[in-house]
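Trainee: I have a structure open and some questions to go with it. Can we work through them one at a time?

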Amino acid sequence: MTTDRPANDDLHALLAASALGDRAAFARLYRATAPKLFPLALRILKSRGLAEECLQDAYVKVWQHAADYRPQVAAPLTWMVSILRHRALDLLRRNRREQVLDDPEQLVPLLDLIQQRDGDPNEPATGLDEPDRRALLACLEVLREDQRQGLLLAYFEGLTHAEVAARMNIALGTIKSWIRRGLEQLKRCLDT
Amino acid sequence: MSRHLRYERPELRDRLAAEYVLGTLRGAARRRFERLLARDAAIQDAVAVWRRRIDPLGGMLPAQAPPASVWRGIERRIAPARVRGPWRDLWDNLAFWRGLGLAASALALTLTLLPLLPLLPGPDMPEKVAVVMDETSKASWVITGTSGHRMLVRALEPPPMPEGKVCVLWLVWDDGKQMPLGMLPEKGEMKMPMPPMDREPYRAQVFVSVEAMQDMPMEKPAGPMVYKGPWLSI
């Protein structure tokens, strides 16, 4: 899917213009990326109010730090995801949520969810570096299913080891070693 | 062995960076890690690499547009605070930067944008004066221009500049033509040569912009304009 390349270059240009104080470019950056980041905030925070606050905080930070973005380190959206998740985890710690274990949407296997757009031409461009995205999906597939599920629950729901253990009904020690090994495997797979 | 030393083991550092990025490093362990992260380049690198590895995940959920109120809130928060005057805006932007270092101020005093013109012999009288003021109308610099088109700049109470930033003096004519004159001194007095020009310098207005020292010399201002005003006859 080479079509993501121009989109990515656009995001680079919009970020660079934002760094120089170009508000119109920043508005375009927001329109292009907020629909990708908002569902992540919602999924971690499980509250529309908090997710909206989180999105707002994250974009204010993107505006203030646009000049710090380094294209050689991460794709634009990846950099913005890091900022948003950092803020979301902060907000999560300050607002202990009630766990909603039975929300049917959460039962959709996360891997299926993130693969949905694969090959769907109607989905907007991701703004992710396409090789990064493909490699990550391929390496996740290599993991054992329960290890993968543990990792994805921690990542997308902002769960602690103990919360992942409760959700999957597995002993805490087992979850800790699954996640650790899952991360190690992911690193080996991605670095080769 | 202290906790800090233990983080110097690369495998442990990498594992903690991974769990930090994933979000499973929590509580006191997370806070301790973040304190080290703030000052340890090896930890920063490990975190950056893990973010590159796994944060592409965060952009893969099916798109969902946020309500319009979110953007309105962002716009409000990033709007420039116009009412408070240029120096104050500048100060807000720069307040978290480090203060101007000695090396930088020495450079600011000695570097100029243009080669010095040979001083002309003969009578040369002060003719014009321009006063650069801050938002409270307090004079920051006073610039005296002579009939022979030479300038003397005196620093009165210049605003503090962050390291690597300087105030640059320009001329701008009614038709928009701009010309750089030089960097304004942090303190004391400085002769500033008037560059050769085919225009009457005292028909222009003076203005001041804040620029990065490494961008010097420059033909066009890149940083914010913080003052603009006319020459006055003496």
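**Loops, helices, interface and sheet**

Mentor: Start with A:Asn169, which counts as exposed, having 6 C-beta neighbours inside 10 Å. Keep in mind that this is a predicted model.

Trainee: Where is A:Asn169 placed in chain A?

Mentor: A:Asn169 is not a glycine, yet its phi is positive, about 60°. Its place is the loop between helix H8 (161-168) and H9 of chain A.

Trainee: Is A:Lys46 buried, partly exposed or exposed?

Mentor: A:Lys46 also has a positive phi, about 55°, without being a glycine. It sits in the loop between helix H2 (23-45) and helix H3 (48-65) of chain A. Burial takes 20 or more neighbours, and exposure 12 or fewer. A:Lys46 has 19 C-beta neighbours inside 10 Å, so it counts as partly exposed.

Trainee: How many charged residues are in the contact of H6(A) with H9(A)?

Mentor: H6(A) passes H9(A) in a right-handed crossing. From H6(A) come A:Ala135, A:Leu136, A:Cys139 and A:Val142; they meet A:Gln185, A:Leu186, A:Cys189 and A:Leu190 in H9(A). The contact divides into seven nonpolar residues, one polar and, for charged, none.

Trainee: Which element gives the most to the side of chain B that touches chain A?

Mentor: In this interface, 30 residues of chain B are in contact with 46 residues of chain A. The elements of chain B that give two or more residues to its side are helix H2 (10-22), helix H4 (41-54) and helix H5 (68-78). With six residues, the element that gives the most is H5(B).

Trainee: Which are the edge strands of the open sheet in chain B?

Mentor: Four strands of chain B form this sheet, in the order S5-S4-S7-S8, with antiparallel pairing. An edge strand pairs on one side only; here these are strand S5 (178-183) and strand S8 (225-230) of chain B.

Note on methods
Residues numbered from 1 in each chain as written. Chains lettered and ligands numbered in written order. Predicted model: local features only at pLDDT ≥ 70, side-chain atom pairs only at ≥ 80, totals over all residues. Contact = placed C-beta atoms within 7 Å. Left-handed = near helix turned anticlockwise from the far one by under 90°. Nonpolar A, V, L, I, M, F, W, Y, C, P; charged D, E, K, R; others polar. Pairing = 2+ DSSP bridges.
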